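Colleague: I'd like to learn how to read a structure like this one, feature by feature. Can we put it on the screen and start with a single side chain?

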Amino acid sequence: MHPPISPSDLATLIDETDVAARRLHRKLALPVADLDDLRQDLLIDLICRLSGFDKRRGTIGAFANIVLRNQCSRIAIRHHRQRRAQGGTMLSLDAPAAGSVESLGCLLTESDGLAAWHGQDRNTQADIQTREAVQSALARLPEADRRFCCALAHRSVTALAAEGFGSRSALYRRLADLRHVLTAYGLGPSWDDLAAA
């Protein structure tokens, strides 16, 4: 069992964590509200790793510095990976909007949504019309094509090929043919808008 930590060592851990959290917060350009969460996450990780501290090898400040540096690297890597997955932007209402000091949450009206911010000016009325048009077009398709469309709504072409719907190339050809049929039923522009979104 690890010996109890002294008040001065605890103060050192808190100070080192505060410095590391502020540095990482600044480097990642995170919203102000995230600083306390970041500080808390770093301190919890540091406390969990205290069992590895050996005072014969160095001071507790040096130990904390190494642990915090490694954890900051892991957080930064995870953050950059998430940001790349989101197209290079942060999807947070607390994040400042591009070209503004105000947060995204302050700039969006209640009728707007995150979709509107990303150029998807969908509204409830347009969604209902699109859904009705899709249902109408699907009702005109033969049963096999309808099942294929329903399966595509939930699974990828690769997954469907693995389930025996046919080879991937055959499924892509069938999908290209269906695109023309659905366009003829009036889904062309909507289909393209959804694909672009």
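Modeller: Start with His79. Set aside its neighbours within four places in sequence, and His79 is in contact with Leu28 and Leu30. His79 itself is found in helix H3, residues 60-85. One caution before we go on: this is a predicted model.

Colleague: Is His79 buried or exposed?

Modeller: Buried means under 20% relative accessible area. His79 has a relative accessible area of 15%, so it counts as buried.

Colleague: What lies between H1 and helix H2?

Modeller: A loop, and Ala29 has its place there. Helix H2 covers 34-48. Look at the backbone of Ala29: phi is near 55°. That is a positive value in a residue other than glycine.

Colleague: Let me step back. How many helices and strands does the chain have?

Modeller: Nine helices and zero strands. Along the sequence, the pattern reads α-α-α-α-α-α-α-α-α.

Colleague: What share of the residues is buried?

Modeller: Of the 197 residues in the chain, 23% are buried. The accessible surface comes to about 13,500 Å². Carbon and sulfur atoms account for 54% of that surface.

Colleague: And how do I read contacts between residues apart in sequence?

Modeller: Take the contacts between residues at least 6 apart in sequence. Then ask what part joins residues at least 24 apart; here the figure is 46%.

Colleague: Give me one pair as an example.

Modeller: Arg174 and Asp145. They are 29 residues apart in sequence, yet 8.8 Å apart in space, C-alpha to C-alpha. Arg174 lies in helix H9, residues 168-196. Beyond its neighbours within four places in sequence, Arg174 is in contact with Ala144, Asp145 and Phe148. Its relative accessible area is 26%, so Arg174 is partly exposed.

Colleague: Now salt bridges. How many are there?

Modeller: The rule asks for a side-chain nitrogen of Lys or Arg within 4 Å of a carboxyl oxygen of Asp or Glu. By this rule the count is nine.

Colleague: Which residue meets Arg22 in a salt bridge?

Modeller: Asp18, at 3.4 Å, N to O. Both residues lie in helix H1. They are four residues apart, about one turn of the helix. As for accessibility, Arg22 is at 44% and counts as partly exposed. Asp18 is also partly exposed, with a relative accessible area of 22%.

Colleague: Which side chain meets that of Arg39?

Modeller: Asp18 again; the N to O distance of this salt bridge is 2.7 Å. Arg39 lies in helix H2 and Asp18 in helix H1, so the pair ties together parts that are 21 residues apart in sequence. Arg39, at 21% relative accessibility, counts as partly exposed.

Colleague: Which residues are linked in a network of salt bridges?

Modeller: Asp18, Arg22, Asp36 and Arg39. Asp18 meets Arg22, and Asp18 meets Arg39.

Colleague: On to the surface. Which residues gather in a patch of positive charge?

Modeller: Arg23, Arg26, Lys27 and Arg69. To join a patch, a residue needs over 30% relative accessible area and no salt bridge. Arg23 is at 36% relative accessibility and counts as partly exposed.

Colleague: Which helix gives the largest share of the positive patch?

Modeller: Helix H1, residues 7-28, with three residues. Arg23 has its place in that helix.

Colleague: And which residues form a nonpolar patch?

Modeller: Ile5, Leu10 and Ile14. Together they have about 220 Å² of accessible area. Ile5 is found in the segment before H1. With a relative accessible area of 33%, Ile5 is partly exposed.

Definitions and conventions. Residues are numbered from 1 along each chain as its sequence is written. This is a predicted model: local features need pLDDT of at least 70, side-chain atom pairs count only at pLDDT 80 or more; totals for chains, interfaces and linings use all residues. Side-chain values use heavy atoms; hydrogens and water are left out. Helices (H or I, at least four residues) and strands (E, at least two) are DSSP runs, numbered from the N terminus. Buried means under 20% relative accessible area, exposed over 50%, partly exposed in between (1.4 Å probe, protein chains only). Contact means heavy atoms within 4.5 Å. Accessible areas come from the Shrake-Rupley method with a 1.4 Å probe; for residues, only the protein chains shown count as cover. Patches are made of residues with over 30% relative accessible area and no salt bridge: like charges are joined within 9 Å, nonpolar side chains (Val, Leu, Ile, Met, Phe, Trp, Tyr) within 5 Å. Lys and Arg count as positive and Asp and Glu as negative; His and the chain ends are not counted. The place of a charge is taken as NZ of Lys, CZ of Arg, CG of Asp or CD of Glu.
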